[in-house]
Amino acid sequence: MNALIRQFGKPWVWSWLAAFIVWFLTIMVTGGAGTLGLSQAALTFAAFSVIVGIGQMFVITLGPGNIDLSVPATMTLAGTVALKLMNVENGMVLPGFLLAVFIGLGVGLCNYTLIKALRIPPIIATLSMSFVVQSGAIWTNRGLRIKPPSVLAEFTTTNTLGVPNVAIVAVLISILAWILLEKTIYGRWISAIGQSMPAARMAGIPVDGTRFVTYLFCAMLASISGYLLACFSGGAALNMGAEYLLMSIAVVVIGGTAVAGGDSNVPGIWGASLFMFLVVSMLNTYGLGAGIRLIMTGLIIISVIMLAGGRRGMR
Amino acid sequence: MTFRLSSDAIRLVIPALSLSLLLAAVFWLQPRAMSYIGLNLLFNLAVPIALATVAQMLVMAVNDLDLSMGAFVSFVACVTATFLRDAPAIGILILAGAVAAYAAIGVVIHLRNLPSIVVTLGMSFVWGGLAVLLLPAPGGQAPDWVRWLMTVKPPLAPMAIVASIIIAVIAHFIVKRSSLGVLIRGVGGNQRSVERAGWSIVAARATAYALAGLFAVLAGIALVGLTTSADANIALRYTLLSIAGVILGGGEFTGGRVSPIGAVIGALTLTLAGSFLSFLRISPDWQIGAQGAILIIVLALRLMLNRLERREKRR
Amino acid sequence: MASSMDDVAKAIIAVDGAKVSFGAVKALDGVTLRVMPGECVGLVGHNGAGKSTIVSVINGGLTPHHGIVTSDGERQERYGINAARDRGVRCVFQELSLCPNLSIVENTRLVHRTLGGFGWRLRAAKIIEKSLDAVFPGHGIDSGRTVGDLSIAERQMVEIALAFSDAGTPARLVILDEPTSSLDASLARQMLDHVRRFIAAGGSVIFISHILHEILETADRIVVMKDGRVVAERPARRFDHHGLVEAMGSVAKAETRQRPVRDQSATPVILSHQAAGIPFTARTGEIIGLAGLAGHGQTELLLALHAARSGNWLPQGNPLVTFVAGDRRLNGVFELWSILRNFSIASLGDMSRRGLVLEAGEKTRGTAWKERIEIRTPDLNNRILSLSGGNQQKVLFARALATRAPIVLMDDPMRGVDVGTKQEVYAIIREEAAAGRTFIWYSTEMDEVCLCDRVYVFREGRITAELGGDAVDEANIISASFEGTA
Amino acid sequence: DTSAKKIALSNNYAGNSWRQAMLTSWEKVTGEAVKAGIVASADAFTTAENQATEQAAQIQNMILQGYDAIVLNAASPTALNGAVKEACDAGITVVSFDGIVTEPCAWRIAVDFKEMGRSQVEYLSNKLPDGGNLLEIRGLAGVFVDDEISAGIHEGVKQFPQFKIAGSVHGDWAQDVAQKAVAGILPSLPDIVGVVTQGGDGYGAAQAIAATDRKMPIIVMGNREDELKWWKEQKDANGYETMSVSIAPGVSTLAFWVAQQILDGKEVKKDLVVPFLRIDQDNLEANLANTQAGGVANVEYTQEDAIKVIESAK
Ligand SMILES: Nc1ncnc2c1ncn2[C@@H]1O[C@H](COP(=O)(O)OP(=O)(O)OP(=O)(O)O)[C@@H](O)[C@H]1O
Ligand SMILES: Nc1ncnc2c1ncn2[C@@H]1O[C@H](COP(=O)(O)OP(=O)(O)OP(=O)(O)O)[C@@H](O)[C@H]1O
Ligand SMILES: [Mg+2]
Ligand SMILES: [Mg+2]
């Protein structure tokens, strides 16, 4: 019983509640006709936010000031380069994927090198890095859109048993992330570092190694998301990651992860990602202009955080 | 050795040195810049950035972070180019209301103990929406007095330099010399002890936010004075620029360690870095990347000098 | 307790029947306390007895759920921080509470709300310098310095001086909550002398400390608290050390001043380090003390030893050293976590398979250690902050001892721990040392240093003396701390 | 004689295929012009972020660098006026194109964006005389081009009242954003007969609609290669008919030649108009063949073209 109440005190409940309400309000308009379509679309697009959001969440869990702003550029570069390598050939799907992952790891490595070796605050280090990465994406093929191999295009845009394939991939990644976070030593370590870096160091945790792996992990998820998104939308575009800068941060915080670090949760990311997609759909459905739409989005974000709020935040 | 620089002074030496180095490099690349008009052209767009940076610094002084800075400055720019010109009384009222809204955000963040990142993220949508409502398409016109103010040609030094110095001095006085500044930085340093001395933290935070709002309003007005008209997206990048400026200027994310003079220098440095690059004539593919690289280099310089500072301290 | 209305009328502050609870914890359970002009009240009690809580009540920071506060004979209806300050109540809190980013002068400005107006910097500088000179003659602290640049002891000095400083409303009642915990003996002496002068001039002091001889020699009246109640209250001369410990309800184990002298020159050297001055070595099973005035390089040595023997990049299968922090808020506890997780974090490697934590194993071990060192909690899944400070410290000990590391580094870990708990921990340390663990122990308390087999004395960042065997005693250590190289 | 003159391109954004094609055309055409000694140099500059403030700084730097002419694709029609005025005052010729500026001292090579929007509805009215519901995909909120095209579309709907705009989303001129926005609004929309767009978003809309079981409406395309290719596939498979319209990225080269002509002392009217590039059912294949894979249908201009445009404006 107690445990149940504690669950309901958890912040991620709010993001799910908000997502559900918005979903309901949207399908109300059509009298329930578009329910399946809307739900599938929501799952599909939430999947991309979930994948980048999880990476961002791991980084944010590392404590105050940790954030990865290079996510959009990494997505773009990984998508661009992978599609260029695959060059519409079905046989190249795996090498393309590996290359995308490899690019993610490379960006993560550079990010942490800047943070550690040059002691640049992560927010600035990753921002600077994102400019360099974005340039790399431009340089590789100057924004030409190359089509994905047909199997990949097929896979990313279809459903299995009514559930979009990309959503299934995102669920698998979420489960992995949840296990990492809740069940492994590594998960304990990042949470400890997020609460207090000096204390973590004194407790014998390999702080640098853990942080390094976390930045790698985040960049790698961003590149996987970029790879999938490029295949899904029929080619990589230079601006395809742009949206995911604010999105990746928003889904983490709305999902109830403490911005002060040390406390994170995976289910909240799903709730928040669905919510972020549905809220735009709802406002579009009600035919509100861009101005009103923006204002409503802002107010809804603030209301959700106020409802879930009262948590300790450093900021 | 009896002479010892205070840590505050060393904090300033670093940004000042990077600015001078960069300026020397620019003069070397483009001797034409070494003139009254040249300096004005190099620095006049830094004036609104400097104001926004000071605003961001005030928020950072109380351990918060304002992600809505860019959207807010854009909003103010829209108000300035429309109401402030056509109906000054209403314009002033709107701007006063906006400052009050900033104070209210401070209060809400404090009372509900919310993470400022999320609340201001939400607010950035709100300000953006209001700006789009005001100016769905770019337009409006700067009030004449604003235009005059930003194009005035004072004797001896160009407007950009004079304005930067005035901003730095005023901000320094408010933040570093006045009792109010001590209180605001005290909240950032150790909120509990300030509370125990009988101060109202809510009031202190509200004041810091209101002051930030005021400086951001000035930034918006100055910006319109330079550009002559506004659009809803005009200053979006001020959010990251202002944060980078504070950091470049020796400020820190937490602990109330900020330096107003440093912040202004940081803003000038950032602006100058852009010019430096365009004088270098890099291939268009890598122009964006070079901006990242220069940020990294300037910050690496900061690290080098920080090491020096530590050695100084140990002595 | 007999309380005449007369007393209440004269008291600077009188608290009657104060009750405060935090959730299920009754921090104060009907406490009555009054402070007369010109007296020093000593307040003692085990960790979590409610001392800091009653201080918060007197200081106006906490409104009791029951009970009344009277000041100078007037009942205070709306008693708060500002009301208290107006009546001359000043407080040095248990944890350091200055703003590290501000200079000493600016901190002075914050503490004295009325100090504003043009030229406040000069006035504030004068006020704090005068007070520092009065409390710690020859302190050598420049009032323009940033607090973050000061050593812990210097910060504590500034805080104490601030409490005694006068900017319009003179201090009438100064509350000192464990003010000496980071001061070395000579600075503590200066402070206690000042307290006596302040009392003689008609001021009042509430003095809280776990170092009982300080209380016994400084206080006029001693109030003993236990579990949120006052259990004894007598003039100081009617207490002695033993009586005080007994009144606190701690198991008054006879303090083993008598240290079994162990000759360990034959056991193998497990660690050596080239520090400044005399080289540092440690042998298996030794308890090594680091002594000297506070802030003279002991902590730095511990940090260097820790940094040199632990990996920052790769997980260590068999770490050589483990660390018990003194400043638990800063580098000890993980505040969001349960007691169990706080305990297990350093030895997760032993409770996991292929990177996955085995929760059952973790729980068994946690319970075993809970029993072994008597952590007072109903449930290990409670948050660590639900424990009193002393019990939090025990968790940190358990964390370190549960690892396989043969060397335990301790950075003044008994700060603010009550006598009973200390005795328990000493016993554990001796037991573990006998089993072959090496302890390197920095302490600001002489009694603890004297428990060690061998002592290195520090002065100005260097090791200036090594004392072993029978040479380890108070007189030798003190003389070694003060002569030295300078 | 302009062989000693230096021309700069000030560009505010490089993040999509259209802009990349624009830069490539510039590089190609001006590179030859420089080699031929027609001008001394023609450097291209792009700001790191798509912001008027950054571009204003960039223009001010160009003033310092002593360029004789600045060819400008502006982030905002008005917010650069301050910087443009300073450039004019310094004796620099400013030619704006695509994203034009309103400052009177600058030249403008404009595309009639309103007409571009209106003509889409006109086309639809020919194909679908009965009318029906339309979905509008807009660009980036608060940007001049978005507002113009959208105004044109609404004008068109007024002119052909058998159409009704049933929904409107912002696709930010990006396929993936458009895809997401369309997928979100589709479930709540009635039957859609046509999708009016702004360029760079048609393929995204097609993808989103294909993912549902709706009948494919007529989607007006925006000259991107992937859009044309998709159209071709549909055309071959089921005779799908639509049209495609956009401004050609090569207009940067026209602006270059106009600037060169002005520097050469030619009398040029301040306002020039270039037609937008329209692709229809019959010339689809030809255009597709000329378009680089993943790029945008393009036209590059020569000096003669520029002279012709200048003459016809007189
Ligand atoms: N803010 C709080 N929230 C919850 N419990 C609290 C809080 N403050 C104090 N307590 C509890 O009240 C009791 C009394 O605490 P208090 O700090 O007064 O003890 P103390 O006598 O000062 O102990 P110590 O010697 O460790 O300083 C403890 O059990 C403590 O856990
Ligand atoms: N948020 C909290 N929840 C529960 N208990 C708390 C909380 N905050 C403080 N406490 C309790 O309040 C008591 C007083 O805290 P305080 O910071 O004054 O001293 P401390 O850190 O416990 O150290 P010491 O042992 O030296 O008294 C602590 O014993 C702690 O258990
Ligand atoms: Mg206490
Ligand atoms: Mg306590």
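Hi everyone, let's start with charges: a search of the whole structure finds 42 salt bridges over all chains, where a salt bridge is a side-chain nitrogen of Lys or Arg within 4 Å of a carboxyl oxygen of Asp or Glu. Before going on, please keep in mind that this is a predicted model, in which local features need pLDDT of at least 70 and side-chain atom pairs count only at pLDDT 80 or more, while totals for chains, interfaces and linings use all residues. Residues are numbered from 1 along each chain as its sequence is written, chains are lettered from A and ligands numbered from 1 in the order in which they are written, and side-chain values use heavy atoms, with hydrogens and water left out.

One of those salt bridges joins Asp64(B) and Arg205(B), at 3.2 Å from N to O. This pair links distant parts of the chain, 141 residues apart: Asp64(B) is in the loop between helix H3 (46-61) and helix H4 (69-81) of chain B, and Arg205(B) is in helix H11 (residues 201-227) of chain B. Helices here are DSSP runs (H or I, at least four residues) and strands are runs of E (at least two), numbered from the N terminus.

Now, the chains together. Which of the five pairs of chains in contact share the most contacts? Chains A and B do, with contact meaning heavy atoms within 4.5 Å. Chain C and chain D have no contact, and their closest C-alpha atoms lie 35 Å apart.

Let's look at B against A. Here 43 residues of chain B meet 41 residues of chain A. The area buried between them is about 3,900 Å², and carbon and sulfur atoms give 78% of that; buried area is the accessible area (1.4 Å probe) that two parts lose on being put together, summed over both. Phe125(B), Asp285(B) and Ile296(B) supply 16% of what chain B buries against chain A, more than any other three residues. There are zero salt bridges between chain B and chain A, and one residue pair in polar contact (both at pLDDT 80 or more). A polar contact is a pair of N or O atoms within 3.5 Å; within protein, one must be able to donate a hydrogen and the other to accept it, and residues adjacent in sequence count only if both atoms are side-chain atoms. H14(B) gives the most to the side of chain B that touches chain A, with 15 residues. By class, that side has 27 nonpolar, eleven polar and five charged residues. In this scheme Ala, Val, Leu, Ile, Met, Phe, Trp, Tyr, Cys and Pro are nonpolar, Asp, Glu, Lys and Arg are charged, and the others, Gly among them, are polar.

Next, B against C. Chain B brings 23 residues and chain C brings 22. About 2,000 Å² is buried between chain B and chain C, 48% of it on carbon and sulfur atoms. Val182(B), Arg196(B) and Trp199(B) supply 31% of the area that chain B buries against chain C, more than any other three residues. How many salt bridges cross the interface of chain B and chain C? The rule finds one, in which Glu106(C) pairs with Arg185(B), with the closest N and O atoms 2.8 Å apart. Eleven residue pairs are in polar contact between chain B and chain C (both at pLDDT 80 or more). H10(B) gives the most to this side of chain B, with twelve residues, and the side divides into five nonpolar, ten polar and eight charged residues.
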